[in-house]
Amino acid sequence: MKPSKLVADVPDLDAPQGEVMSITGQAAGPTTEFLRFVSASPVSARIGGFTEDMRAEGSGTLDLKLVMPLRHVVDTAVDGAFRFSANRLWLGTVLPVLEQAGGTVRFSAEDLSIPQAQARFLGEPLRLSAQTGKDGAVRFDASGGVSAAALRALAEGAALDHLSGRADWRAQI
């Protein structure tokens, strides 16, 4: 990702409150770089390494703020948001590609949320949201539709030859 605006507030280390440095910035670039950033961050453990097998085509913008206690860097606070649109996303090797994916991913060292994202999945609209619960687990809520023709394109089987129409679906992960 290429930083476009970066501001670092470097404290006077001789001052009593001079032990905290803050960095704020924006960057734009390929979504694959953002996925690598998430996989290498503390957020990855919170989401069970969910992004590790993801691939993407497209780009987005990142807003990031770090507040770093210089004498105890482990307590660094992270607050960010990644916005993307018109991306192609692969959620691993089993699921078909998400086309025209877009939304906002908000994150901190403790939380991840997706207020609303959308894509085309199996030719149908998909909606997705996510939120870190009080127990620390991230819950994903997805809904969409699927046509019999899309199912036949994915898998073979005599039973699928007798299906027609479409059905709505919903998943909570």
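A salt bridge is defined here as a side-chain nitrogen of Lys or Arg within 4 Å of a carboxyl oxygen of Asp or Glu. The model is predicted, so that local features need pLDDT of at least 70 and side-chain atom pairs count only at pLDDT 80 or more, while totals for chains, interfaces and linings use all residues. Residues are numbered from 1 along each chain as its sequence is written, and side-chain values use heavy atoms, with hydrogens and water left out.

**View A. Salt bridge between Arg 88 and Glu 99.** The N to O distance is 2.9 Å. Arg 88 belongs to strand β5 and Glu 99 to strand β6, 11 residues apart; strands (E, at least two residues) are DSSP runs, numbered from the N terminus. Arg 88 has a relative accessibility of 29% and counts as partly exposed, a class lying between buried (under 20% relative accessible area) and exposed (over 50%), with a 1.4 Å probe and protein chains only. Glu 99 is likewise partly exposed, at 28%.

**View B. Salt bridge between Asp 63 and Arg 83.** The closest N and O atoms are 2.7 Å apart. The pair connects strand β4 (residues 59–69), which holds Asp 63, with strand β5, which holds Arg 83. Asp 63 is partly exposed at 25% relative accessible area, as is Arg 83 at 33%.

**View C. Salt bridge between Arg 170 and Asp 141.** The closest N and O atoms lie 2.7 Å apart. Arg 170 is exposed, at 58%, whereas Asp 141 is partly exposed, at 24%.

How values were computed
Helices (H or I, at least four residues) and strands (E, at least two) are DSSP runs, numbered from the N terminus.
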